[in-house]
Amino acid sequence: GVYGTADLGYTFLRYRGMDLGAFAGYGHYTQHLNAYGCEQVAAGGTVCVPSGLINPSALVLSETEHWNALRLGLTGSIMLTERLKLSGEAAWLAYASMQAKDNHWLRTDINPLVETGHSSKGYQLEATLSYAVTDRWSLGAGARYLSLKADGGTQFPYPIPRSPEKFESSRLTGFLQASYRFGDTGPVV
């Protein structure tokens, strides 16, 4: 997947090694998923009957999703020691839209299906622990949780009416970071 954010914010409180701020911005997330093989799990006639009809390594489904979101949030940090800092942010995805392509590779009549959706139910949480090696260099590690949700639908071929769908995607990721500070080398904050 591809992930990126761009935010503008303002720190409105600084007090004894702590700070608190607010931000607004934009977030983007793209993911591509594939499904292989087909196994019958319910009664009824489908392409999986008889068993073994579809090779387990055959690509049968793909989903490519593009999420775009307006982010509103709070950010803050606290110095735990002279060089160790804990930072965090919480963002509400005030408006998120999703556009996707759902490929059913064994069904040419519905390949691809276009899916769309939107909502204001998503959020993102992030925490980072960093250590100031010098007044300019710091190293850190963190975790990020992203929850995306959308209500929408897709259109199967006529005469079937538009089908409502709910989309959800969540990701927990860990990261390492290194940063270098240019300019004034005052106290680490």
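1. Strand E3 (59-79) supplies the largest share of the lining of the largest cavity, namely four residues. Strand E1 (2-15), strand E2 (18-36) and strand E7 (137-154) each supply at least two residues of that lining as well, strands being DSSP runs of E with at least two residues, numbered from the N terminus.

2. This is a predicted model, in which local features need pLDDT of at least 70 and side-chain atom pairs count only at pLDDT 80 or more, while totals for chains, interfaces and linings use all residues. Residues are numbered from 1 along each chain as its sequence is written, and side-chain values use heavy atoms, with hydrogens and water left out.

3. The structure holds one cavity of 30 Å³ or more, a cavity being a set of points, on a 1 Å grid over the protein atoms alone, where a 1.4 Å probe fits but cannot get out, with lining residues having an atom within 4 Å of a point. The volume of the largest cavity is about 80 Å³, taken as the space filled by probe spheres set on the points, which are joined across faces, edges and corners. Among the 14 lining residues, Gly27, His28, Ala69, Leu146 and Leu148 are the closest to the centre of this cavity.

4. Glu165 has its place in strand E8 (residues 163-180). Leaving aside neighbours within four places in sequence, Glu165 is in contact (heavy atoms within 4.5 Å) with Glu115, Ala150, Asp151, Gly152, Gly153 and Thr154. The C-alpha atoms of Glu165 and Gly152 are separated by 5.2 Å, although the two residues are 13 residues apart along the chain.

Key. On a 1 Å grid over the protein atoms alone, a cavity is a set of points where a 1.4 Å probe fits but cannot get out, and a pocket is an open set with protein on both sides within 12 Å along at least five of seven lines; lining residues have an atom within 4 Å of a point.
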